Amino acid sequence: MVNQSIHITGQQGTYALIFKCETPFHAAAGKLGPIFITTGYWIYVGSAFGPGGLRSRLTHHLKPSTRPHWHLDYIKHALHPIEAWVTVGLATREHDWTGILSTLKGATRPIAGFGASDCPCRSHLIHLPRRPNFSAFKIEIKAIKLAKGAFFRYVVDQENGGTH
């Protein structure tokens with residue numbers, strides 16, 4: 001399922017994981033309770049400031065969870081990971097990234113509180129009917145200075161829509 005040849009940086013930073021959902025499903029998401037995931041593309045925005053940085057966090061999110069910890073752990077088993085968009089640095093950018101991604105055409109944040117227990121955002125999980133465009137997002141965040149320095153796009157699953 002996951003492209004094992006990617007080498008994610010171990011630095012700290014912010015990420016957006018893009019998933020594709022081909023079959024709608026219901027799930028129990030810990031304290032959030034029952035949720036419904038519909039078809040389309042889902043973007044989960046987070047940060048990785050702990051030990052191992054982005055490499056550790058994204059590796060966790062891209063493999064099955066035996067004991068769910070984060071909200072994403074409750075639904076990722078039924079989603080196909082496509083890409084990870086990453087910037088390095090100590091600034092917390094997930095709130096701003098979520099805001100920008102929420103303005104994309106057709107974007108919704110239907111699950112209140114998802115991934116945002118430590119943030120005033122409605123949710124850090126965004127649904128889109130169409131696949132989001134990395135180049136357009138990169139231009140937008142660079143224009144408003146939300147990504148200083150390196151900004152990467154990792155393809156995690158070429159079979160389900162990933163491209164180079």
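In which loop does Ser-123 lie? Ser-123 sits in the loop between helix 2 and strand 6 (125-128). The model is a predicted one, in which local features need pLDDT of at least 70, side-chain atom pairs count only at pLDDT 80 or more, and totals for chains, interfaces and linings use all residues. Residues are numbered from 1 along each chain as its sequence is written, and side-chain values use heavy atoms, with hydrogens and water left out.

The protein has three helices and seven strands. Helices (H or I, at least four residues) and strands (E, at least two) are DSSP runs, numbered from the N terminus. From the N terminus on, the order of elements is β-β-β-β-α-β-α-β-α-β. Of the 164 residues in the protein, 49% are buried. Buried means under 20% relative accessible area, exposed over 50%, and partly exposed in between (1.4 Å probe, protein chains only). Contacts are heavy atoms within 4.5 Å. Among contacts with a separation of 6 or more, 71% join residues 24 or more positions apart.

Ser-123 is buried, with a relative accessible area of 0%. Its side chain takes part in polar contacts, that is, pairs of N or O atoms within 3.5 Å; within protein, one must be able to donate a hydrogen and the other to accept it, and residues adjacent in sequence count only if both atoms are side-chain atoms. A polar side-chain atom of Ser-123 lies 3.5 Å from the backbone oxygen of Phe-114. The side chain of Ser-123 also reaches the backbone nitrogen of Leu-125, at 3.0 Å. Leaving aside residues up to four places away in sequence, Ser-123 touches Thr-98, Arg-109, Ile-111, Gly-113, Phe-114 and Ala-116.

Thr-98 is one of the buried residues of helix 2. Seen down the axis of helix 2, the buried residues fall within an arc of 165°, so they line one face of the helix. The arc is that of the directions from the helix axis to the C-beta atoms. These residues pack against strand 1 (13-21), strand 4, strand 5, strand 6, helix 3 and strand 7.

Helix 3 (residues 134-143) buries Phe-134, Phe-137 and Ile-141. Down the axis of helix 3, the buried residues fall within an arc of 65°, so they line one face of the helix. An α-helix has 3.6 residues a turn, so residues three or four places apart point the same way. Ile-139 and Ala-143 are exposed on the other side of helix 3. The cover over its buried residues includes strand 5 (80-88), helix 2 (94-101) and strand 7 (151-155). At the start of helix 3, a side-chain oxygen of Asn-133 comes to within 3.0 Å of the backbone nitrogen of Ser-135. Lys-145 follows helix 3 and has a positive phi, near 60°.

Lys-31 belongs to the loop between strand 2 (25-28) and strand 3 (34-37). Lys-31 is exposed, at 89% relative accessibility.
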